[in-house]
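Q: I've got a model open and I'd like to learn how to read its features. Can you walk me through them?

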Amino acid sequence: MPGRSEFDAERVDRAAALVSVTNRVEAADVPDLLAAAGKVIGRLATPETVLRVAASNADSIWLFSRRGRSRAEGFVSMLLLTAAGRSALFDGRLNLLDPQPEYLVSQHQKPAAIYIWASYTPGLLAAGLSRVMDRFDSPHYAQADIISTSFTVRGHRAMVRRGFEQGVWHEGRFLDGFYMVPRAPATLAERLPRYATHDRVLRPTGIRVVNGFDDMMRIAAVRSAVFIGEQACPFDEEFDGNDLAATHLLAFVDNEPAGCMRLRFFGDFAKLERLAVRKEYRRSTTAFSLVRASVALCRDKGFRRIYGHAREDYLPFWQHFGFRLKENGAPFAFSDHLFVEMVDEIEPPAGALSLADDPYRLIRPEGSWHVPGPLELSAARSTTVVPN
């Protein structure tokens, strides 16, 4: 039987087939569209400004209509920004009601950032958004950060659901009013480690390494709901005696525990285990984020090989991240499911942990190697060395 996610995907595909999307803007459509959107969004740019932006780069404005309708009924607009425009957006110099031309790229130029200027896609029309985003996944745009803003709880949830991370760093300041899908190489290099993105106040949706009893309780709650509650796994098989010999990652959505992963480390490989995501968060990016965070942590610890077990029906999910079936590995069963062995070869980054590191880095808390640890405070105190 197909799962719920398959039904959802089919429903979205059927809806998208009923929507026409074009970047050919008719001047006559713009005033009515802005008037309708303004009732929902608030003050917007003038029709003259919108037409000017569309004339400078046709990919800036996309119109939506239901099949068979002659007039546009919705739109999504983008500001395709230069590097200077990106900075101007973050420090407030970019005039969002009348964007300065020098901050916008022409169609043959690659933008430094794509800012979602305004979006009005009521009802069925929202199904056409994926077609626009496919355009911005093309090689011409693939390395441009996608940036947006939201001032409502509903908007925040929509951003998170679509894979945006809340908050950006700009010139040493954290701007939590912006949302971003980081794609530019420089942006990705500046980001926090994937396994250290959660902060209760600044980044309530994110992942952190478990380092306390309270978080272990959250891990137990998530795994009990998923494996014991949904899959009827016996308690002694789920909590198998390895939890205190492992590193755990805990994912949050709006500060609510949403999923977890267990990692164990052996001589020359790391092992990923117990990926669990609560049912209500399975349409989010939580599972993908946990796997990416786990691989990032293994790389930063210097491992070059990852090993794991996958249920046969979930193998395509893991193959998405580069895992492959282990050579000479045969399917095997436990807890009433059939599993296969899989491996992934990884390359540690230049800054991976090693014996060449400063000694303070190696005594920092697990997963917090990028920031000073509590024991480094002692370096600021005067120390008396007593000779033997």
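Predicted model: local features only at pLDDT ≥ 70, side-chain atom pairs only at ≥ 80, totals over all residues.

Q: Which residues of helix 4 (residues 83-91) are buried?
A: Buried means under 20% relative accessible area, exposed over 50%, and partly exposed in between, using a 1.4 Å probe and protein chains only. Helices (H or I, at least four residues) and strands (E, at least two) are DSSP runs, numbered from the N terminus. In helix 4, the buried ones are G85, R86, A88, L89 and F90. Residues are numbered from 1 along each chain as its sequence is written, and side-chain values use heavy atoms, with hydrogens and water left out.

Q: What covers the buried residues of helix 6?
A: Contact means heavy atoms within 4.5 Å. In helix 6 (residues 153-161), G155, H156, A158, M159 and V160 are buried, and their cover includes strand 5 (145-149), strand 6 (165-170) and strand 7 (173-181). Just past helix 6, G163 has a positive phi of about 95°.

Q: How do I describe helix 2 against helix 3?
A: Two packed helices are described by the angle between their axes and the distance between the axes. Axes are lines fitted to C-alpha atoms, for helices over the stretch in contact, and angles run from 0 to 180 degrees between N-to-C directions. Here the axes of helix 2 (residues 30-41) and helix 3 (residues 47-56) come within 9 Å and cross at roughly 115°. V30, P31 and L34 of helix 2 meet P47, V50 and L51 of helix 3.

Q: Which residues touch the most other members of the largest nonpolar core?
A: A nonpolar core is a set of buried Ala, Val, Leu, Ile, Met, Phe, Trp, Tyr and Cys residues joined through side-chain atoms within 4.5 Å. The largest one has 33 residues, and Y195, L249, M261, L272, C298 and W318 touch the most other members. Helix 10 gives the most to this core, with 7 residues. A second, separate core of 31 residues includes V50, L63, L81 and W117.

Q: And where does S130 lie?
A: S130 is in helix 5 (residues 129-135) and is partly exposed, with a relative accessible area of 39%. C-alpha to C-alpha, S130 and A16 are 8.2 Å apart in space, yet 114 residues apart in sequence.
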